Amino acid sequence: MNSTMRRVVIGTAAISMALSVAACGEAGSDAADSDKKSIGILLPENKTTRYETFDRPLMEKKIKALCSDCEISYNNANQETELQKKQFDALITKGVKVIILDAVDATATKSWVDAAAKKGVKVVAYDRLAEGDVSAYISYDNERIGELQGEAVLQALGDKAKDSELVMINGSPTDPNAALFKKGAHTALDGKVKKIVYEQDIPDWSPDEANKKMAAAITTLGKDGFDAVYSANDGMAGGIITALKSRGIKDVPVGGQDSELAGLQRIVAGSQTFTIYKGIKPEAERTAEIAVALLNGESIDEFTEDKVDSKSKKGIPSQLFDAKVVTKDNIKDTLIADKVYTVDQICTAEFEAACKDAGLL
């Protein structure tokens with residue numbers, strides 16, 4: 001072998017060794033990444049103010065309290081199923097071990113969740129029961145919440161309930177909770193009121209779409225063609241109340257859910273009748289406890305008192321919390337007492353007089 005060929009062979013061997021070392025280094029880096037304590041949080045949308053105001057910060061704070069060295073990856077899907085799938089897949093690729101998933105479309109998640117489970121990734125269904133091989137489910141007794149809403153409508157109507165006609169504005173058809181709220185509300189209302197004269201499901205829980213549907217109902221039924229409005233949540237109640245005001249309609253009971261700040265201010269002012277208070281803090285903190293336990297390979301039995309069946313899995317370890325109706329009369333004893341909001345947050349200058357009348361000031 002001449003000197004030129006020897007230099008080529010030696011150079012090729014050196015390059016080959018360098019590539020091998022680099023490859024080993026990359027593999028070691030991937031392995032190290034995969035050993036990180038990592039939890040992903042995927043929330044569905046931000047039109048409902050609770051997610052960014054309460055759910056996310058409460059979960060993140062509790063996770064950090066339980067696992068100071070845990071890495072948290074967060075994304076909001078802005079009500080887009082395909083975007084949420086990309087976010088979910090990105091967490092898997094990143095090596096996240098536990099994913100807290102509040103699904104945009106709970107029926108669309110089965111293939112994602114099943115694929116994650118096969119890779120050893122635990123998925124905790126948060127607030128909405130995602131399809132697939134989820135490890136746990138944390139929410140509320142959502143059918144009971146619908147019943148509470150229906151009962152609150154009846155309470156607001158009083159003796160006139162049996163002769164009353166109702167408009168029902170339900171939640172998103174892709175959210176399984178919306179179907180449960182609707183079922184529970186019908187359980188409470190059917191046979192107790194004269195008739196449901198107009199009923200619509202609202203995609204994406206959109207306040208703007210709720211406003212449009214309420215305006216359409218008024219056009220179809222007339223200003224005096226209904227006696228109360230069931231709204232599945234506070235955001236949509238805001239859109240509904242705007243439609244009522246624009247047509248000069250007053251004193252029609254309108255309910256909601258989620259105890260949003262704007263909803264509470266409408267309740268104080270008298271344009272909204274009630275909301276449903278779901279303690280987001282216990283739900284979010286329990287979810288964080290379960291996520292950290294799963295990350296550490298520990299039992300979650302102490303955190304899950306119930307078992308729930310989805311369409312794709314039986315006996316899912318679950319925790320379902322209770323809720324309560326909030327009216328002007330018990331805001332102080334519920335949300336303010338629990339430090340969800342302060343009097344100052346609710347009773348801004350615009351609502352000062354109404355707050356005094358309500359006994360908040």
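Let me begin with the second largest pocket, whose lining, sorted by class, has 11 nonpolar, 8 polar and 8 charged residues. Please keep in mind as I go on that what we have here is a predicted model. The space in this second largest pocket comes to about 480 Å³, and of the 27 residues that line it, the ones closest to its centre are Leu129, Pro176, Asn177, Ala179 and Leu180. Which elements supply at least two residues each to this lining? They are strand 5, which covers residues 136-140, together with helix 5 and helix 6, and of the contributors it is helix 6 that gives the most, with 6 residues.

Now to the largest pocket, which holds about 560 Å³ of space and is lined by 26 residues, with Val252, Gly270, Ser271, Gln272 and Thr273 lying nearest its centre. The elements that give two or more residues to this lining are helix 5 (142-157), helix 8 (234-246) and helix 9 (261-269), and the largest share, 4 residues, comes from helix 5. By class, the residues that line the largest pocket divide into 12 nonpolar, 7 polar and 7 charged.

Let me turn to the aromatic rings, of which the structure holds 4 pairs. In one of them, the rings of Phe54 and Tyr341 have their centres 5.6 Å apart and their planes at 80°, and because planes over 60 degrees apart count as edge-to-face, that is what we call this pair. Where do the two partners lie? Phe54 sits in helix 2 (residues 50-66), while Tyr341 belongs to the loop between helix 11 (332-336) and helix 12 (343-346), so the pair ties together parts that are 287 residues apart in sequence. Are these two residues buried or exposed? Phe54 is buried, with a relative accessible area of 16%, and Tyr341, at 7% relative accessibility, counts as buried as well.

Another pair is formed by Phe181 and Trp205, whose ring centres are 6.3 Å apart and whose planes stand at 70°, so this pair is edge-to-face too. Phe181 lies in helix 6 (residues 176-189) and Trp205 in the loop between strand 7 (195-201) and helix 7 (207-221), so here the parts tied together are 24 residues apart in sequence. Both Phe181 and Trp205 are buried.

Methods:
Residues are numbered from 1 along each chain as its sequence is written. This is a predicted model: local features need pLDDT of at least 70, side-chain atom pairs count only at pLDDT 80 or more; totals for chains, interfaces and linings use all residues. Side-chain values use heavy atoms; hydrogens and water are left out. Rings of Phe, Tyr and Trp (its six-membered ring) pair if their centres lie within 6.5 Å; planes under 30 degrees apart count as stacked, over 60 as edge-to-face and the rest as tilted. Buried means under 20% relative accessible area, exposed over 50%, partly exposed in between (1.4 Å probe, protein chains only). On a 1 Å grid over the protein atoms alone, a cavity is a set of points where a 1.4 Å probe fits but cannot get out, and a pocket is an open set with protein on both sides within 12 Å along at least five of seven lines; lining residues have an atom within 4 Å of a point. Grid points are joined across faces, edges and corners, and a volume is the space filled by probe spheres set on the points. Ala, Val, Leu, Ile, Met, Phe, Trp, Tyr, Cys and Pro count as nonpolar, Asp, Glu, Lys and Arg as charged, and the others, Gly among them, as polar.
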